[in-house]
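Here's a quick briefing on charged side chains and a pocket. Have the model open as you read.

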Amino acid sequence: MPHTVLLAEDDRAIRHALERALTLEGYEVTAVADGVEALAQAHRGRPDVLVLDVMMPGIDGLQVARVLRAEGDSTPILMLTALVETADRIAGLDAGADDYVVKPFDVEEVFARLRALLRRTGGGSGAGDGGRPDAPESPGTPGTPGTPDGAPPAAPGSVPPGAPSGASRGASSGVAGEQPARPHLRAAGLRMDPRARRAWRGEREVELTRTEFALLELLVRNAGVVLDHSTIYDRIWGYDFGPGSKNLAVYVGYLRRKLDEPGAPQLIHTVRGVGYVLRED
């Protein structure tokens with residue numbers, strides 16, 4: 001089955017052009033002209049991914065994202081925006097968007113970001129592969145089992161970036177009727193349950209978005225290891241946005257605001273010119 005895309009764009013020319021391009025790429029597209037219809041379609045049948053224009057009359061793309069997230073809908077959202085200021089992009093991410101593309105855009109960039117979003121949510125590599133894969137990709141490269149190409153060596157006891165999370169690996173089944181154990185990840189005073197997608201600092205539970213959780217899980221699994229920008233982009237977004245992108249810095253800022261506590265050591269450290277590391281100094 002092809003991946004399904006709900007596209008909301010009030011500019012008719014852009015909507016028709018993008019609908020045609022996505023259809024030719026192998027996606028099944030439902031295209032609407034405003035946020036009201038986008039919500040109606042999203043409630044009618046959950047798509048694999050949403051592509052929302054930010055500036056639409058009535059209910060705009062930000063409001064659509066907020067409503068869906070408030071309802072507990074975790075469908076990945078790609079925002080289309082003509083607003084280039086960092087604050088505008090942050091507003092979209094805060095509303096619940098997972099990624100954004102700035103107008104005017106190259107349609108190949110839209111395809112790449114959609115593929116990245118679908119990979120992160122278990123939807124495979126996107127349209128053009130004949131639909132969803134039957135099984136998840138196994139991590140590792142020939143000759144270095146479990147170590148993704150280009151990734152730094154994992155800390156002892158950790159899982160390298162790109163390895164399946166606890167949610168995808170699952171737990172071995174035990175006696176019939178018994179609940180399998182849920183191994184928690186622990187590092188620097190943090191505890192994470194990948195299957196339940198819950199995280200705690202000490203006894204305080206931290207509410208995280210999907211992207212924030214994925215980023216924190218990557219850092220926790222590699223606590224003490226400096227992860228460079230390109231590795232993090234590849235493991236979390238499946239796409240390296242380049243040295244000029246502020247996307248990663250924005251999400252690290254979100255995590256710091258949620259994790260840091262007065263008088264407690266900072267957990268996520270910036271290694272200038274390289275990337276980030278999780279450690280408790």
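What follows covers the salt bridges and then the pocket.

This is a predicted model, so to speak of local features takes pLDDT of at least 70 and side-chain atom pairs count only at pLDDT 80 or more, while totals for chains, interfaces and linings use all residues. Residues are numbered from 1 along each chain as its sequence is written, and side-chain values use heavy atoms, with hydrogens and water left out.

**Salt bridges**

- Searching the whole structure turns up 13 salt bridges, each being a side-chain nitrogen of Lys or Arg within 4 Å of a carboxyl oxygen of Asp or Glu.
- One of them pairs Arg-44 with Glu-37, at 3.9 Å from N to O.
- Arg-44 is exposed, at 58% relative accessible area, and Glu-37 is partly exposed at 30% (buried is under 20% relative accessible area, exposed is over 50%, and partly exposed is in between, with a 1.4 Å probe and protein chains only).

**Links between distant parts of the chain**

- Arg-210 and Asp-98 form a salt bridge at 2.8 Å, N to O.
- That pair links distant parts of the chain, 112 residues apart: Arg-210 belongs to helix α7 (residues 210–221), and Asp-98 sits in the loop between α4 (86–95) and β5 (99–102).
- Helices (H or I, at least four residues) and strands (E, at least two) are DSSP runs, numbered from the N terminus.
- Asp-98 is buried, with 3% relative accessibility.
- Lys-258 meets Glu-212 in another salt bridge, 2.7 Å from N to O.
- Lys-258 is partly exposed at 29%, whereas Glu-212 is buried at 3%.
- Shared partners join Arg-69, Asp-98, Arg-120 and Arg-210 into one salt-bridge network.

**The second largest pocket**

- The second largest pocket holds about 470 Å³ of space.
- Its lining has 21 residues, and the closest to the pocket centre are Arg-69, Leu-208, Thr-209, Arg-210 and Glu-212.
- On a 1 Å grid over the protein atoms alone, a pocket is an open set of points where a 1.4 Å probe fits, with protein on both sides within 12 Å along at least five of seven lines, and lining residues have an atom within 4 Å of a point.
- Helices α4, α7 and α9 each give the lining at least two residues.
- By class, this lining has 10 charged, six nonpolar and five polar residues.

Terms used. Grid points are joined across faces, edges and corners, and a volume is the space filled by probe spheres set on the points. Ala, Val, Leu, Ile, Met, Phe, Trp, Tyr, Cys and Pro count as nonpolar, Asp, Glu, Lys and Arg as charged, and the others, Gly among them, as polar.
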